[in-house]
Amino acid sequence: GDEAAILGQIRDLVCMLPSNNEDDNSFVECTDDLNRAEASLANCVGDTSIALSTIADDNAFVEVKAAYAKEMVTGFMKLNGITVGAVANRCEVYNDEGEKTAEFVSFCDAFNIPVLTLTNVNGFTADKCSEKKIAKAAARLTYAFADATVPKVNVIIGKAYGSAYVAMNSKAIG
């Protein structure tokens with residue numbers, strides 16, 4: 001992008017984050033109706049970044065590391081005026097994205113930012129390439145969710161099967 005677009009994205013991100021890990025001034029007044037119905041939400045299951053934008057206050061969702069591990073969506077949004085970290089998967093493919101998501105959940109925990117997870121998983125892909133990395137990535141993601149002390153909410157928006165579901169902030173890990 002050009003310089004103006006990049007600086008605009010940086011401003012959007014900085015506005016979502018607290019100034020430090022002890023700051024709790026990330027609240028802004030929300031004018032959106034909390035009970036609003038979104039008819040188009042059911043069509044967003046495939047691309048959860050659109051779903052997160054739809055449910056965010058004023059449709060403001062800032063995706064981070066968008067070009068890395070595209071199977072996972074991580075970013076920040078406002079819900080009822082409070083900054084929330086959002087994690088969601090885009091499709092059935094599950095390779096290295098556990099690393100990206102684990103780092104994001106740990107960041108949110110360090111800055112006391114609640115985490116919302118949208119889950120739609122069929123399970124892990126079982127081929128030679130992905131099997132080499134699945135165990136480590138899934139363990140790291142599961143640990144990040146289990147270790148986080150911030151409020152965590154998981155919304156199942158499609159399928160939730162096997163150990164891939166467990167790694168995606170399932171009820172079983174707290």
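Reader: Which residues have the most contacts inside the largest nonpolar core?
Author: This is a predicted model, in which local features need pLDDT of at least 70, side-chain atom pairs count only at pLDDT 80 or more, and totals for chains, interfaces and linings use all residues. Residues are numbered from 1 along each chain as its sequence is written, and side-chain values use heavy atoms, with hydrogens and water left out. A nonpolar core is a set of buried Ala, Val, Leu, Ile, Met, Phe, Trp, Tyr and Cys residues joined through side-chain atoms within 4.5 Å, where buried means under 20% relative accessible area, exposed over 50% and partly exposed in between (1.4 Å probe, protein chains only). The largest such core has 22 residues, and those with the most contacts inside it are Phe76, Val87 and Phe145.

Reader: From which element does the largest share of this core come?
Author: Helices (H or I, at least four residues) and strands (E, at least two) are DSSP runs, numbered from the N terminus. At least two residues of the core are supplied by each of S1, S2, H3, S4, helix H4 (128-147) and helix H5 (162-167). The largest share, four residues, comes from H3.

Reader: How many residues does the second, separate core have?
Author: Ala51, Phe61, Ala86 and Leu116 are included in this second core.

Reader: Over how many bridges do strands S2 and S3 pair?
Author: Strand S2 covers residues 72-79 and strand S3 residues 82-89, and Phe76 stands opposite Gly85 in S3. The sense of the pairing is antiparallel, and the number of bridges is eight.

Reader: Is Ser49 buried or exposed?
Author: Ser49 lies in helix H2, which spans residues 48-55. Apart from its neighbours within four places in sequence, Ser49 is in contact with Phe61, Glu63, Val73 and Arg90. Its relative accessible area is 11%, so Ser49 is buried.

Reader: How far apart in sequence are the parts that the pair of Phe76 and Phe104 ties together?
Author: Rings of Phe, Tyr and Trp (its six-membered ring) pair if their centres lie within 6.5 Å, with planes under 30 degrees apart counted as stacked, over 60 as edge-to-face and the rest as tilted; by this rule the count comes to three aromatic pairs. The rings of Phe76 and Phe104 have centres 5.0 Å apart and planes at 55°, so this pair is tilted. Because Phe76 lies in strand S2 and Phe104 in helix H3 (residues 97-110), the pair ties together parts whose separation in sequence is 28 residues.

Reader: What is the relative accessible area of Phe107?
Author: Phe76 and Phe107 form an edge-to-face pair, at 6.0 Å centre to centre and with 65° between the planes. Phe76 has 3% relative accessibility and therefore counts as buried. Phe107 is partly exposed, because its relative accessible area is 31%.

Reader: Which residues form one aromatic cluster?
Author: Phe76 lies in strand S2 and Phe107 in helix H3, so their pair joins parts that are 31 residues apart in sequence. The cluster is made up of Phe76, Phe104, Phe107 and Phe111.

Reader: How many disulfides are counted?
Author: A disulfide is a pair of cysteine sulfur atoms within 2.5 Å. Cys15 counts as exposed at 61% relative accessibility, whereas Cys108 counts as buried at 0%. The count of disulfides is zero.

Reader: What is the phi of Asp58?
Author: Asp58 is placed in the loop between H2 and S1, and it counts as exposed because its relative accessibility is 57%. Although Asp58 is not a glycine, its phi is positive, at about 55°.

Reader: Is Asn169 buried or exposed?
Author: Asn169 is found in the segment after H5, and its phi is near 65°, a positive value in a residue other than glycine. With a relative accessible area of 4%, Asn169 is buried.

Key:
Contact = heavy atoms within 4.5 Å. Pairing = 2+ DSSP bridges.
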